[in-house]
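User: Hi! Could you walk me through this one with me? I'd like to talk about the sheet and one of the helices.

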Amino acid sequence: MLYLSHPSSLEHDPRAHMPGHPDTPERLVAIERALELVDWLGWERREAPPAGEHELELIHSSRHIEAIRELCLSGGGPIDPDTFVGEASYRAALHAAGGACAMARSLLGGSEQVGFCALRPSGHHAERDRAMGFCLFDNVAIAAELAIRELGAGRVFIFDWDVHHGNGTAEAFRRRREVLFVSIHQTGIFPGTGASTDFGSGEGEGYTVNLPVPAGSGEELWLSLLEHVVVPVAYSFEPDLILVSAGFDAHRADPLANCTLEAASFARMACHVRNLATQLGVPLGMVLEGGYEPLALAESVGATMAALGGEGEPESAAPEALLTSRAAAGVARYWTL
């Protein structure tokens, strides 16, 4: 079990340009303090390398990469009303993307079966030519594309459980059949994408699955969708690698959303994903996305990593979501549930 991090993640601090910004280095400080108390749960710790430009260009245009680099070198500033960078942000973003790539290499190289990248800035909102939503480069998408182009993976399953829809990842693979992208997210909040009627485009139709949930949704609905929709679809897809955009902002204490999960809820979801990977005989890697209440985030990450390490068993949830979710009904047009 591999845990990747890098000190540069602590140097990226949007508060230099926007005091009160929720994406703070304290998020990672809280995670690592909590993990130190339990001896890192026995995981191997490794420093994340920087991504090379050729890896960033698997998903992003050279113009976008250069624009981020130049803005940071000039001292930083705003990219949009929510996204700010400083001089150290480009280096941090390189290591965040590079950590995801290094994890993919270790997982598909056979040296590890489970990985977790605890790095900032997050990535799943970043589009080919646009940074947004606190994200500069789409770390999980870069790792997935690297796995397909260079590491021998024929198919990659990306499950995004961040409370905000991963629009950047969805767009990167919208027209592709090699990547199955599935997202559970709260409807009606940033970035406003991820409608239940969006299943991808062209040859990729059916390989994008959006499962929006209403504000106030808790563990019962999230677990039901995971067990009765996400897992069967992923199992039918038969991926060679599973990647999770692991945001923890569906926690009840998070200030940026309105769902009601607990740390134990994320552990239960992790058990289902771990069991899926075991049944398929494929490696599983998680990439940190959101989660903006540091103590809740730390507790949730620790519970998730413990579950990935084998603690707990998948708990069955009532299949009520299949009866009430328009999204689940739509998925059945493409996949057997």
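This is a predicted model: local features need pLDDT of at least 70, side-chain atom pairs count only at pLDDT 80 or more; totals for chains, interfaces and linings use all residues.

User: Great. How many strands form the sheet, and in what order?

Analyst: The open sheet is built from 8 strands, ordered S2-S1-S5-S10-S9-S6-S7-S8, and their pairing is parallel. The twist from one strand to the next averages 15 degrees.

User: Which strands stand at the edges?

Analyst: Those are S2 (44-47) and S8. Each has a single partner strand, so one side of each has no neighbour in the sheet.

User: So is S8 buried or exposed, mostly?

Analyst: Mostly buried: 5 of the 6 residues in S8 (residues 208-213) are buried, so the rest of the structure largely encloses that strand.

User: And how many bridges join S7 to S8?

Analyst: There are 6 bridges between S7 (residues 179-186) and S8, and the two strands run parallel. As one example, His 185 is opposite Pro 212 in S8.

User: What about S1 and S5?

Analyst: S1 (residues 2-5) pairs with S5 (residues 114-117) in the parallel sense, over 3 bridges. Tyr 3 has Phe 116 in S5 as its bridge partner.

User: Which strands does H1 touch?

Analyst: Helix H1 (residues 26-37) packs on the sheet and touches S1 and S10 (284-288). The direction of H1 makes about 145 degrees with that of S1.

User: And H4?

Analyst: H4 (residues 89-108) also packs on the sheet, where it touches S1, S2, S5, S9 (241-246) and S10. Its direction makes about 175 degrees with that of S5.

User: Switching topic: what does H5 look like?

Analyst: H5 covers residues 139-150, 12 residues in total. From first C-alpha to last it reaches 16 Å, close to the 16 Å expected. After H5 comes Gly 152, with a positive phi near 85 degrees.

User: How many residues of H5 are buried?

Analyst: 10 of the 12, so H5 is largely enclosed by the rest of the structure. Among them are Asn 139, Val 140, Leu 146 and Ile 148.

User: I noticed a glutamate there. Why does Glu 145 count as buried?

Analyst: Glu 145 lies in H5, and its relative accessibility is 3%, which is why it counts as buried; the cut-off is under 20%.

User: What does Glu 145 touch, then?

Analyst: Leaving aside residues up to four places away in sequence, Glu 145 touches Leu 58, Ile 59, Phe 173 and Arg 176. There is also a polar contact of 2.7 Å between the side chains of Glu 145 and Arg 149.

Terms used. Residues are numbered from 1 along each chain as its sequence is written. Side-chain values use heavy atoms; hydrogens and water are left out. Helices (H or I, at least four residues) and strands (E, at least two) are DSSP runs, numbered from the N terminus. The expected span of a helix is 1.5 Å times one less than its number of residues. Buried means under 20% relative accessible area, exposed over 50%, partly exposed in between (1.4 Å probe, protein chains only). A polar contact is a pair of N or O atoms within 3.5 Å; within protein, one must be able to donate a hydrogen and the other to accept it, and residues adjacent in sequence count only if both atoms are side-chain atoms. Contact means heavy atoms within 4.5 Å. Two strands pair if DSSP finds at least two bridges between them. Axes are lines fitted to C-alpha atoms, for helices over the stretch in contact, and angles run from 0 to 180 degrees between N-to-C directions.
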